[in-house]
Amino acid sequence: MALLIFLIAMAVILIAAAIFSIMQKDLLFAVLGTGVVSLILSVFFYILQAPDVAITEAAIGIALTTIIFIITIRNTTRDENKYNDDHINKFKNEKDA
Amino acid sequence: MLKKLIVFLLIGTLGYTLAVTFSSIPIGANRIGSLDNPETVAAYYLDKSPNDLKVANTITAVVVNFRGFDTLGEVSVLFLAATGLASILYRKEEEEEEEENKRHISHRLNLPSSSLVQTGAKILFPLILLLGIYVFIHGHLTPGGGFQGGAIIATGFLLMLVSYKGFKNNHKIMVWLESLAGLGFVGVGLYGLIRYGSFLQNTGWTGNLNDLVSGGLIPLIYIFVGIKVATELTNVLDILLNIKSRRK
């Protein structure tokens, strides 16, 4: 029973984190949300008797993918709307001039 | 007109091939089965891997032995991805230094990490390396294998790259290790082809179940895969962390 409650709570957190990372406009927090999804997924894989997949998910999903996205954000922009706004403004300025 | 004809021919060929393939698959039939039904694939694997191959971890036996050629394909996909990334993002050292002098900005971690992070990374780094090597050497005995161990080693290098500004990989050694590991995998496959008549054929000698040296060529292949994946992912992270900003 305790395990069931734990699993349901984990599943709720997983779905919440997934929705959070889609809705979030700050890309850094969105990436951290996907990291949380991977963390809970790897626990689920372990409970469902797939330790191989759990190790892969833990190493690649939590560490490597998150870091690669963070590096990408550092080299581009952190705000989702800013990049689009910049381009629209540039286009408008060119049109006016 | 000719173009359209060729397109129609291609689509027709594709459709015919798919139709023939799918019509021969009994969709919906129970192909997984159980040990009671020895006609199925799963029963074959579950029976063969501990009894004939003497491999305790059935997943490893499937990935490296029964589906070894697929694993070679996966490794080459990873290699191509890393090569593509490197060819887009890598710049020569001199060019980088020149630009750095010009702009006086290095986008890689402008501030050094705190000493707490640095000390922790220094303590954890050898342990992570050891865990990764353990995972891929014991691939045929415990869960995990070459890909998992390689990814774990790459996270260890990532920790060092992030916490120490001056931490540099020796690119030459990495590239050599990667190439030798890839060649080793192919060499093992060719050995099977020459000696036993089919690519990646396992040796007849398999040892005892649960021994470290058992399962024929499986541990050897997984060591090659582990080294290859670790060096490739480390190189990818190194290149990504050293991107110079191209913004004005």
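Reader: In which loop does A:Gln49 lie?

Author: This is a predicted model, where local features need pLDDT of at least 70, side-chain atom pairs count only at pLDDT 80 or more, and totals for chains, interfaces and linings use all residues. Residues are numbered from 1 along each chain as its sequence is written, with chains lettered from A and ligands numbered from 1 in the order written. Helices (H or I, at least four residues) and strands (E, at least two) are DSSP runs, numbered from the N terminus. A:Gln49 lies in the loop between helix H2 (27-47) and H3 of chain A.

Reader: Is A:Gln49 buried or exposed?

Author: A residue is buried if 20 or more other C-beta atoms, placed from the backbone, lie within 10 Å of its own, exposed if 12 or fewer, and partly exposed in between. A:Gln49 has 9 such atoms within 10 Å, so the residue is exposed.

Reader: What is the phi of A:Gln49?

Author: The value is positive, in a residue other than glycine. Phi of A:Gln49 is near 65°.

Reader: Is B:Leu200 buried or exposed?

Author: B:Leu200 sits in the loop between H8 and H9 of chain B. Its phi is also positive, near 60°. B:Leu200 has 23 C-beta neighbours inside 10 Å, so it counts as buried.

Reader: Which helix supplies the largest share of the side of chain B that touches chain A?

Author: Two residues are in contact if their C-beta atoms, placed from the backbone, lie within 7 Å. The contact takes 18 residues from chain B and 12 residues from chain A. On chain B, helix H7 (146-163) and helix H9 (218-241) each supply at least two residues. The largest share, 7 residues, comes from H7(B).

Reader: Which residues does B:Ala151 contact, leaving aside its neighbours within four places in sequence?

Author: Some partners are in chain B: B:Val229 and B:Leu233.

Reader: How many of the residues of H9(B) are buried?

Author: The helix is mostly covered. Of its 24 residues, the buried ones number 18.
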